[in-house]
Amino acid sequence: MHALALLFTLAACGGEETKPVEAAKPPEPPKTAEPAPPPPAPAPAAASGPYAPGDLAKAAYEKAKAAGADSQENPRKGKPEAIAAGKTEYETKCVACHGAKGDGMGIAGSALPQKPAQFAWKERWEATSIGVKHWTIMNGIQGTAMAPLGLSDDQAWDALAYIESEFQKQ
């Protein structure tokens, strides 16, 4: 009788030992195509002067040119007394942003979102006339930390004489 019960049990189970069923793996998500690269940016509009389109200084550059500043020369260039006076003006009004080396890394300038002009960068210096630089000192650049400095005309020319003698050495 025990043999008969064993036979029925084996028949009910299929007579074979069964393995545990493995958990089904979740289906893989469908593969998505790589996103298409963005279209190329349109070519920038031609800029006049050394400024890129959209540069805040470009508007000031255009205003200075419109005011005739582009044709001005520094009447104080190379004069020792102007250079000495210009050094005082630079140290008082300019060094905090433009730096002691004219590299735009003064204590305040290094923290600004738009970096100050680098007077030691010869190519950039030569790309803008001295008259436009004078206009910028006198009028500032709207939307930037470059505010009008409150210098007289001669003081601004003196500062530029110093900058040229100190940072534009050959």
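Mentor: The account below takes the salt bridges in turn. This is a predicted model, in which local features need pLDDT of at least 70 and side-chain atom pairs count only at pLDDT 80 or more, while totals for chains, interfaces and linings use all residues. Residues are numbered from 1 along each chain as its sequence is written, and side-chain values use heavy atoms, with hydrogens and water left out.

Side chains of opposite charge can pair when their charged atoms come close. With a salt bridge defined as a side-chain nitrogen of Lys or Arg within 4 Å of a carboxyl oxygen of Asp or Glu, the count is three.

One of them joins aspartate 158 to arginine 76, at 2.4 Å from N to O. Aspartate 158 belongs to helix α6 (residues 153-167) and arginine 76 to the loop between α2 (56-66) and α3 (80-98), so the pair ties together parts 82 residues apart in sequence. Helices here are DSSP runs (H or I, at least four residues), numbered from the N terminus. Both aspartate 158 and arginine 76 are buried; buried means under 20% relative accessible area, exposed over 50%, and partly exposed in between (1.4 Å probe, protein chains only).

Lysine 87 and glutamate 91 form a salt bridge at 4.0 Å, N to O. They stand four residues apart in helix α3, about one helical turn. Lysine 87 is partly exposed at 39% relative accessible area, and glutamate 91 is partly exposed at 45%.

In helix α4 (residues 122-126), glutamate 126 and lysine 122 are likewise four residues apart, about one turn, and their side chains meet at 3.2 Å, N to O. Glutamate 126 is exposed at 54%, whereas lysine 122 is partly exposed at 25%.

How values were computed: Helix = DSSP H or I, 4+ residues; strand = E, 2+ residues; numbered from the N terminus.
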